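Take a look at the protein below. We will walk through it step by step, from the overall picture down to single residues.

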Amino acid sequence: AECVSGCVCPEGLFDDGRGGCVEQKDCPCIHNNELYSSGHKIKVDCNTCTCQKGLWKCTDDVCYGTCTIYGSGHYNTFDGKFYDFDGSCEYVAAQDFCGDKNSSGSFSIITENVPCGTTGVTCSKAIKMFLGVMMKNLSNRSATPFPAILEVIPESELLYWNRTVGLYLVIEASNGVMLIWDKKTTVFIKLSPDYKGKVCGLCGNFDDKANNDFTTRSGLQDSNPLVFGNSWKQSPMCPDVTKEIKPCDLKPHRKSWAEKECSIIQSEVFEICHSKVNPLPFYEACVHDACSCDSGGDCECFCSAVAAYAQECIKAEACVFWRTPDIC
């Protein structure tokens, strides 16, 4: 359905893919397998694209980065590296105190992960957001964690606002840090482009390169997510994670149910998104969660896993309406 000249149209005119003949300046553009007329504007992340002569011309603003932590230990870093880490402790999710021990930073976000279910996988149950804090204050500040709490600890002149948007609580600070939380086990951390290459923690370093995201607290790069994850624990008293947990092997009777439910991610419901965001890691994470949530709340685990893929699809400009009265 490209805009082409051919034997269908008179000389100088182009087939517009809709059965008509147009001048080149009126050629439509294609996005998500749909045709858009010349002059039509669409949003792609934080940029606007305009259809001109059959081609998209886009602004090139630098967009906020997003790190997602969801379900039982799934991480998608600012640079798009997807991995699993099941540690039971408090961990640095993202902060800008990196490298120089005396450097002052403007934020630190800590996730407290606790076991969920009986297979040993862990979920993020409490989030602490330190704003404008010097590094030395981080270790001796204590916040009482409750199940699924979010605690904001501001210091200095940093302003922050919170608001509820649909299912999510949004906290936005004046230093370009935003935290979006579903009050369960999903957290989105958004950072302004000013932080590119200046952050560290389980969410990676936000330098547009996924291959160096496993940088440990001591600044060394590792290929093993367990070594990397263990290095970001807040307390030396917590045990290190030594092996990856495979809940479907431990609970084989749940596996077929999990695969059946999670197949929605690979089904035609999300077809518009498959070419933009690879569904496989999200499907595998969904099956992992549906197997591991065996202490009640298994539907919630499944819904969070599908919602995480839907969120990535929205970022890629593929809007999917997947929730129904029967599904989540």
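**A guided walk through the fold**

The protein has 7 helices and 18 strands. Keep in mind that this is a predicted model. The chain holds 328 residues, and buried residues make up 47% of them.

Is G12 buried or exposed? Its relative accessible area is 55%, and exposed means over 50%, so G12 counts as exposed. Now find E23. In sequence, G12 and E23 are 11 residues apart. In space, their C-alpha atoms are 6.9 Å apart.

Next, move along to a sheet. Three strands build this open sheet, in the order β5-β6-β7. Their pairing is antiparallel. Which strands are at the edges? They are β5, residues 41-44, and β7, residues 55-58. Each of these edge strands pairs on one side only. The strands of this sheet are also turned against each other. Between neighbours, the angle is 35 degrees on average, with direction ignored.

Look at one pair in more detail. Strand β6 runs over residues 47-52. It pairs with β7 in the antiparallel sense, over 4 bridges. To see the pairing at the level of residues, find C51. Opposite C51 stands W56, a residue of β7.

Now turn to the open spaces in the protein. The largest pocket contains about 560 Å³ of space. Its lining is made of 29 residues. Which of them are closest to the centre of the pocket? They are D45, Y64, T66, E312 and K315. Which element gives the most? That is α7, with 4 residues.

What kinds of residues line this pocket?

Begin at exposed G12. Pass through the sheet with the order β5-β6-β7. End at the largest pocket, where α7 gives the most residues to the lining.

Notes:
Residues are numbered from 1 along each chain as its sequence is written. This is a predicted model: local features need pLDDT of at least 70, side-chain atom pairs count only at pLDDT 80 or more; totals for chains, interfaces and linings use all residues. Side-chain values use heavy atoms; hydrogens and water are left out. On a 1 Å grid over the protein atoms alone, a cavity is a set of points where a 1.4 Å probe fits but cannot get out, and a pocket is an open set with protein on both sides within 12 Å along at least five of seven lines; lining residues have an atom within 4 Å of a point. Grid points are joined across faces, edges and corners, and a volume is the space filled by probe spheres set on the points. Helices (H or I, at least four residues) and strands (E, at least two) are DSSP runs, numbered from the N terminus. Two strands pair if DSSP finds at least two bridges between them. Axes are lines fitted to C-alpha atoms, for helices over the stretch in contact, and angles run from 0 to 180 degrees between N-to-C directions. Buried means under 20% relative accessible area, exposed over 50%, partly exposed in between (1.4 Å probe, protein chains only).
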